[in-house]
Amino acid sequence: MSTSDLPAPGGAPLREALLAADFTPDGLLERLGAPAYAALARGETVPALRATRDGDAVAVLARLFLLRAPVPAKRAAEVLPLEAALEAGWLRRASGDTNGGHGGEAANDGGTPDAVRAAVDIRPWSGPGGEDWFIVSDAGHALGGRAGAAAGSSRSDVVLGVGGASTTLTHLIPDAPVGRALDVGTGCGVQALHLTRHASAVTATDTNPRALRTAALTLELSAAPTAGFHEGSLYEPVAGDEPFDLIVSNPPFVISPPEPGGPRLVYRDGGMAGDELCRSLVRGAADRLAPGGTLVMLANWEHPVDGDWRERLAGWLPPGCDAWVVQREEQDVTEYAELWLRDAGDHRDDPARYAARYDAWLENFEARGVRGVGLGWIMLRRSDTDRPSVLLEEWAHAVRQPLGPTVAGHFDLCGVLRERDDERLLAGRYRLVDEVVQEQIGLPGAEHPEHVVLRQHSGMMRALTVDTVGAGFAGACDGTLAAGVIGDAIAQLLGDDPAELRSRLPELLRELLEQGFLRPVD
């Protein structure tokens, strides 16, 4: 796998030019307009091409680095340090290139004897703190797999930009300051870029040397702190390193049939049988995590014809780690095969070849007794306990990102609930989390509701049915009084037996904590 087709280091002048032209997410949105901007996010370029016909600075950059269209060299030189960009490899001469993959529209723009085109895509990206970042990827792949399929690239080592999965993972990562962080399967480097905000040292690995080079360009062009880049599979490149406080991974999790000569698409096909790659990442995490360290990753896992997926996944979990596994979606094997065949653009291929590949996917699943595939998140924290907390759940409902604070809070609570018996639990003080509302459900005009529901409007957006005591208790938790004192006050108000209510309160309190409605303040 060669990296000679990628730009050389030294992107500072280019970054200055991009910022000077307001080639940022906000600037691009304002320049293209909301409909064309939204279409671009779906991989559709025609509205953006129409919106950039007049050739101002943002239009030139959008056409070069997002729309894959050639631009007259004279016009590019007015916006960019042209000769330096050509010498470094960010741009290439496109003399005689008349369409750039966009038919007549692009021909009107770049069909001149002296035109240039981008060697890579550059996508403006807003950091969590308002940073102006730029994500580098292979030309035609700035918008992830969907755009890549449309581009028809046949190379196996292609490097994609930021897609939906990458974005999800950035929102799942806790953002508290940590020492050492590891990004396994860095790809274009978007996770490593986010990690540089709150980790003292960042290491990124990938089996694809082109991905490592691209990730380094992403960090450089974004003016982010540098990272250590190492080639290799899974944890092999860091086997001798000190353990990490945070490990993140958007690995090549696609469960695809074996291909002669290795993975067909390195960014998605891990080259191991079934879901073995994800299992290996999870199983080996404890040895690479420091005490208290956290793993956050995306994964796909098989649903066997006989048996529960939760039992399979529980067998992946390393000892001494609290675990939270969330299945966001389940697909049968036909849906799953179609999804990833389309991702590769096979549906645009010869119909007979597409049918043969489809059949190979189904044959592979059938031979291994797989009826479906789960898609979701796996999070671990090394707690070094012999009583780890393990939660494996299906949650197909809406969530409110970012969920990083929710992930961190969940694991913090695992320790609290493990350490506190009923007495200590009642002695603690708790606070109702923000954006929880109470809903009362019943017949119109009824004196009392049939149900009282507490509903989150943040995080996992869970709903919990409670009784009058539960609603009153949750509403009174403002962090000032111990839980037991609140319970005694409620018993007195309702005329109940304080001892009896106290005996029921720990179970209610644990449920409110586990579901994320309350947080300890002490």
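Buried means under 20% relative accessible area, and the views below apply that cut-off to a predicted model.

**View 1. Valine 416 in helix α18.** This valine belongs to a helix that covers residues 404-419. Because its relative accessibility is 16%, valine 416 counts as buried. Its C-alpha atom lies 46 Å from that of arginine 15, a residue 401 places away along the chain.

**View 2. Helix α22, residues 498-514, with a kink at leucine 505.** The buried residues of the helix include Leu501, Leu505, Leu508, Leu509 and Leu512, together with Pro506 and Leu513. An α-helix has 3.6 residues a turn, so residues three or four places apart point the same way. At the start of α22, a side-chain oxygen of aspartate 497 comes to within 3.1 Å of the backbone nitrogen of alanine 499, while just after the helix glycine 516 adopts a positive phi of about 85°.

**View 3. The largest nonpolar core, around tyrosine 235.** This core holds 77 residues, of which Tyr235, Trp377 and Ile378 touch the most other members. Strand β10, residues 289-304, supplies the largest share of the core, with 7 residues. Apart from this core lies another, of 42 residues, with Val58, Val116, Phe134 and Leu217 among them. When residues up to four places away in sequence are not counted, tyrosine 235 touches Leu182, Val184, Ile247, Ser280, Leu281, Gly284, Ala285, Arg288 and Leu295.

**View 4. Threonine 218 in helix α12.** Helix α12 runs over residues 209-221 and contains threonine 218, which counts as buried because its relative accessibility is 0%. The side chain of threonine 218 reaches the backbone nitrogen of valine 136 at 3.0 Å. Leaving aside neighbours within four places in sequence, threonine 218 is in contact with Phe134, Ile135 and Val136, and also with Cys188, Gly189 and Leu193. Between the C-alpha atoms of threonine 218 and valine 373, which stand 155 residues apart along the chain, the separation is 32 Å.

**View 5. Serine 166 and its polar contact with asparagine 250.** Serine 166 is part of helix α10, residues 164-172, and is buried, with a relative accessible area of 11%. Its side chain makes a polar contact with the side chain of asparagine 250 at 3.4 Å. Besides Asn250, the residues in contact with serine 166, once neighbours within four places in sequence are left aside, are Gly161, Val190 and Gln191.

**View 6. Two stretches with pLDDT below 50, residues 97-111 and residues 146-152.** Across the chain the mean pLDDT is 92, and 94% of the residues reach 70 or more. Over residues 97-111, however, the pLDDT is below 50, although the model gives this stretch 30 contacts beyond near neighbours in sequence. Residues 146-152 likewise stay under 50, and for them the model has 14 contacts beyond four places in sequence. Where pLDDT is low, the predicted coordinates should not be read in detail.

Technical notes. Residues are numbered from 1 along each chain as its sequence is written. This is a predicted model: local features need pLDDT of at least 70, side-chain atom pairs count only at pLDDT 80 or more; totals for chains, interfaces and linings use all residues. Side-chain values use heavy atoms; hydrogens and water are left out. Helices (H or I, at least four residues) and strands (E, at least two) are DSSP runs, numbered from the N terminus. The expected span of a helix is 1.5 Å times one less than its number of residues. The bend at a residue is the angle between axes fitted to the seven residues ending there and the seven starting there. Buried means under 20% relative accessible area, exposed over 50%, partly exposed in between (1.4 Å probe, protein chains only). A polar contact is a pair of N or O atoms within 3.5 Å; within protein, one must be able to donate a hydrogen and the other to accept it, and residues adjacent in sequence count only if both atoms are side-chain atoms. A nonpolar core is a set of buried Ala, Val, Leu, Ile, Met, Phe, Trp, Tyr and Cys residues joined through side-chain atoms within 4.5 Å. Contact means heavy atoms within 4.5 Å. pLDDT is the predictor's confidence in each residue, from 0 to 100.
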